[in-house]
Structures are given as structure tokens and as C-alpha cells.
Amino acid sequence: RTASLPDLNVLEDGILNGKRGVLARAITLIESNAEHHFRHAQEILHKLLPHSGQSLRIGITGVPGAGKSTFIESFGTYLCDAGLKVAVLAVDPSSSLSGGSILGDKTRMEQLSRNPNAFIRPSPSAGKLGGVHRKTRETVLLCEAAGFDVILVETVGVGQSEVIVRDMVDFFMLLTLTGAGDELQGMKKGIMELADAVIVNKADGSNKKLAEKTKAEYNRILHFLQPATKGWQTRAYTCSSVFNQGIPEIWKVIKMFEDTAKASGVFEERRRLQTKQWIHSMILDQLQFSFFYHPDIKPLLPKIENEVIAGNRTVTSAVEELFNIYSK
Ligand code: GDP
């Protein structure tokens, strides 16, 4: 069965030589929900692990329309022009439900996708062998082995996905819009507490003044929040992704963050912690899978659920019975 799979050495060489086509094939194996692809992908990862870890991993979140893809196009192109290799990945947990991905598709970043220094990959869909986070994390490692200096991980600002991305990046930024006065009040304080920078985008034309005002408001709020990274004060900045303004300044901030966090040890400490979290989240994934797909549990579960719904037994006794069967 494995005969049809791409040769391990060919994949390894191709990736280490930065061949984007080979990289894309390896990522497809990682994203596959077929067991033999998964095994093959793990072998590649194992070989490439010593070549990973050297990039700067940056997460970007924001509501739809905040300008994430426009920002990444501008920011990514700026970095490529500076001689860096940039990979753009996306985490879109909804993709497993909708069957498609709304993030990171090539048509949204046309200019960047044609840049020889860039590599853009849409969000994987979830699946039984670990969720989107497992696949994206492993893809980060492959991209690093392929020599990408900066990995941008984009996610849409809904629910869990911000936390998932925060847990896999070094620097996390929230892209936001101007004049969101009400939004600021009731605001996702939780998300601001995850961010190392808040970027007020679309600071151009008649919007520019308002953007400055919004920036000041964010800074006032940020001042009172717990910083996302020890020893780093999260601040707000403005930029215009369409007019490429404020983009070099944001890169400067990120480099300063890198220097500061590396000097204090916070950078390495976070990565260590992230690795532990990765292990734990994969254990949870596997447990979930092994439970719900257990040959004795799977057919029994609907029956027991119905008994509870009908009021014939308690949730606790139902779960207890299921676990007794599972651990038999
Ligand atoms: P996303 O959903 O967060 O990826 O947002 P998009 O990048 O698709 O941008 C949403 C809309 O805002 C598009 O019409 C963009 O052209 C526009 N937009 C994005 N960035 C800027 C900016 O810096 N200035 C202005 N004026 N418009 C922008």
C-alpha cells in the first residue's frame, strides 16, 4: 500500500532544498486522514525535526473584513522584498463543518502567492487523526525545514481558534478596525490579553484621524490588561495595508519583541510550554478518537443517549457505564 507514496528521501531532499512543490506534497500527507499517509508523514517529520524551529512564528487574528488578507499581502511582500522567505498558513476550525475554507486561499493574496519567496497554504480540515491544530503545527515544522524565515498563521476571530493559534506562535497580533467604540467597551478583552500587538488597520484617507483616536483608546485599555508576554508591553499601532503604510514599523516592533523575549528567556520558555501543550492536546485528541470510535462504544452510544434523554437514567450513570465498557 505504501508503494504509491512519495519516497521519503525524495521528500526530505526536496523540502531541505526549499522546493515548494515537494513541500506541498508533504503537507498533503500530513493533512490526510488516511492512516497510511499519516504514518508516512510522521516519518518525514521525524527526519526533518532537526531542521525545524528556526523561524519566527507570527499569528494574526481579526474579524472578517478587518483586512487580514490585505495586511498579509502587504506585510508578506515587504518581508519577501527584504530577502526573507515567508510561509502563510491558516487555521479555520469551521472548515470541518463547511467542507471549505474561508481563510488563506490563494485568490485572496494574489500578489504574494506569485512571489518566489512566499508559500501560501489554506487551512486544513479537521479529521480523526488530530484536529486542525496538529496539522498546522506539523506544517509549521515542515515549512521551517524548507527554510522559511517567517511563518504567518492567520485565523478568523471566532471562538477557540485564537487560542489554538496563540499556542503555536511566538508573536500574536490582533488586527482591528477604526471607530469601534462600542466594540472596544464590551470588547473581547480575552483576545486583547492574548495579543502582543493590536493593529488598527485602514488608517488611510478620511479614516486616518479616527484610526489614531482608536489607537489611543486601545492603548488606554491595554495599559490595564495583563500583558500576553512577560516583560513586553502590548501596544496599539496603526497601518494601512492598502497603501503599505506602517508596515515596516510593525516589523520593527516584532523584531524588538524577538530580541527582548530571547534575551530574557521568555521566548524559549514559551516554546517549551507550547510543546507540552501540543502533547497534551494530542493526547486529548487521541483519547477522544479512541473513545468515540471504540467498537463497543460507537454502536451503544446513541442508545444510551436516548435513555438519558427519555429521563430513564442519569448522565452520570450513563457515562460511568460507557467508561466501564471502554476500559474493559
Ligand atoms: P479579511 O476578511 O480580514 O481578510 O479582510 P480583507 O483583507 O479581505 O479586507 C476587507 C476589505 O477591507 C477589502 O475590501 C479590503 O480592500 C479593505 N481593506 C483592507 N485593508 C485596508 C486598508 O488598509 N485600507 C483600506 N482603505 N481598505 C482596506
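Helices (H or I, at least four residues) and strands (E, at least two) are DSSP runs, numbered here from the N terminus. The model is predicted, so local features need pLDDT of at least 70 and side-chain atom pairs count only at pLDDT 80 or more, while totals for chains, interfaces and linings use all residues. Residues are numbered from 1 along each chain as its sequence is written, and side-chain values use heavy atoms, leaving out hydrogens and water.

**View 1. The whole protein, before we zoom in.**
Welcome to the overview: the protein has 15 helices and seven strands. Buried residues (under 20% relative accessible area, with exposed meaning over 50% and partly exposed in between, 1.4 Å probe, protein chains only) make up 49% of the 328 residues. The accessible surface (Shrake-Rupley method, 1.4 Å probe; for residues, only the protein chains shown count as cover) comes to about 16000 Å², and 56% of this belongs to carbon and sulfur atoms. Contact means heavy atoms within 4.5 Å; among contacts between residues at least 6 apart in sequence, 76% join residues at least 24 apart.

**View 2. Two loop residues with positive phi.**
Start with Asn244, which lies in the loop between strand 7 (235-238) and helix 12 (247-264). Asn244 is not a glycine, yet its phi is positive, at about 55°. At 48% relative accessibility, Asn244 counts as partly exposed. For context, most residues other than glycine have a negative phi.

A polar backbone atom of Lys68 is 2.7 Å from an oxygen atom of the ligand. From Ser69, a polar side-chain atom lies 2.9 Å from a ligand oxygen, and from Ser241 a backbone N or O atom lies 2.7 Å from an oxygen atom of the ligand. Taken alone the ligand exposes 580 Å², of which the protein buries 68%.

**View 3. Thr70 beside Ser241.**
Now look at Thr70, found in helix 4 (residues 68-81). Thr70 and Ser241 are 171 residues apart along the chain, but their C-alpha atoms are separated by 5.8 Å. Leaving aside residues up to four places away in sequence, Thr70 touches Ser241 and Val242. Thr70 is partly exposed, with a relative accessible area of 34%.

**View 4. The largest nonpolar core.**
A nonpolar core is a set of buried Ala, Val, Leu, Ile, Met, Phe, Trp, Tyr and Cys residues joined through side-chain atoms within 4.5 Å. The largest one has 35 residues, and Ile15, Leu23, Ile44, Leu142, Cys143, Phe148 and Ile151 touch the most other members. Elements that each supply at least two residues include helix 1 (8-16), helix 2 (20-31), helix 3 (35-48) and helix 13 (266-292). Domain 1 (1-51) and domain 2 (52-263) both contribute residues, so this core lies between them; the domain bounds come from an automatic or database domain assignment. Not counting residues up to four places away in sequence, Leu142 touches Ile15, Leu23, Ala26, Ile27, Ile30, Ile44, Leu45 and Leu48. A second, separate core of 33 residues includes Phe71, Ala118, Leu152 and Phe171.

Thr61 is found in strand 1 (residues 56-62) and counts as buried at 0% relative accessibility. The side chain of Thr61 reaches the backbone oxygen of Thr155 at 3.3 Å. Glu162, in helix 8, is 101 residues from Thr61 in sequence and 6.8 Å from it in space, C-alpha to C-alpha. Glu162 is buried too, with a relative accessible area of 2%. Arg121 sits in the loop between strand 3 (118-120) and helix 7 (132-145), where it counts as buried at 14% relative accessibility. The side chain of Arg121 makes a polar contact with the side chain of Glu31, at 3.0 Å.

Conventions:
A polar contact is a pair of N or O atoms within 3.5 Å; within protein, one must be able to donate a hydrogen and the other to accept it, and residues adjacent in sequence count only if both atoms are side-chain atoms.
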